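Me: I would like to learn how to read this fold. Could you walk me through a few features?

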Amino acid sequence: MSNQEIAELEREIFELTAKLAELRKNSESRRVPNYSFETLDGEVTLLGLFGGKQQLLAIHNMGQGCRYCTLWADGFNGLLPHLEDAMSVVLLSRDPPRLQRDFANSRNWRFRLASHGGGDYIREQTVMKGEENMPGAVVYERSGDEVYRKNEAVFGPGDLYCSMWPLLSLAGIEGGDWTPQYRYWTRPEKMDDGGDNLLE
């Protein structure tokens, strides 16, 4: 493929992305229950997660056992102040609140966290029908004391929501050729501090 063909395809993708944004803006919303979640501060409802905002971005994270979900959250974490200027943001997973917080701290995540515990919320609000713990995101809107589901997206290698994929493609690396890791540090053969009590 020539550079001209690449540029033309990029232009088409840009135009399709703009069309997708317009369709999402005008999509119909549907009312959903006011689900409950567990946090370190106790129980919170879906409505309570909005704070003072009219929209809520709920990031569906599979939990600490998924390296890909960790990659997406690492990326969103850098955007968090910008996202929270536009809407409320919460990262949801089935992990219990203490485990969520410990893992978030290990990644320097600043998200508000809540656990659905694998219950009704994730079964009924999944981003992919038939998959109860699929990574993705849902945007909810509030109207008084009612909550409406506006749009959703599934996360996966090569999607629009992780900047790694287009950057890898610039190098000719496909999503299936690379797997994210929790850390990239390699233990040196000899530790200058003696190496006592070193955790891998």
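Me: Which residue in strand 7 does Leu 56 stand opposite?

Reply: Leu 56 stands opposite Tyr 140. Some background first: this is a predicted model, where local features need pLDDT of at least 70, side-chain atom pairs count only at pLDDT 80 or more, and totals for chains, interfaces and linings use all residues. Residues are numbered from 1 along each chain as its sequence is written, and side-chain values use heavy atoms, leaving out hydrogens and water. Strands are DSSP runs of E with at least two residues, helices are runs of H or I with at least four, and both are numbered from the N terminus. Two strands pair if DSSP finds at least two bridges between them. Here strand 4 (residues 55-60) and strand 7 (residues 136-143) are antiparallel, with six bridges.

Me: How many bridges join strand 7 to strand 8?

Reply: Eight, and these strands also run antiparallel. Gly 136 stands opposite Val 154 in strand 8.

Me: How do I read a pair of aromatic rings?

Reply: Look at the distance of the centres and the angle of the planes. Rings of Phe, Tyr and Trp (its six-membered ring) pair if their centres lie within 6.5 Å; planes under 30 degrees apart are stacked, over 60 edge-to-face, and the rest tilted. That rule gives twelve aromatic pairs. Phe 37 and Tyr 121 are edge-to-face because their planes meet at 70°, with centres 5.0 Å apart. These two residues lie 84 residues apart in the chain, in strand 2 and helix 4.

Me: Are Phe 37 and Tyr 121 buried or exposed?

Reply: Both are buried (under 20% relative accessible area; exposed is over 50%, partly exposed in between, with a 1.4 Å probe and protein chains only).
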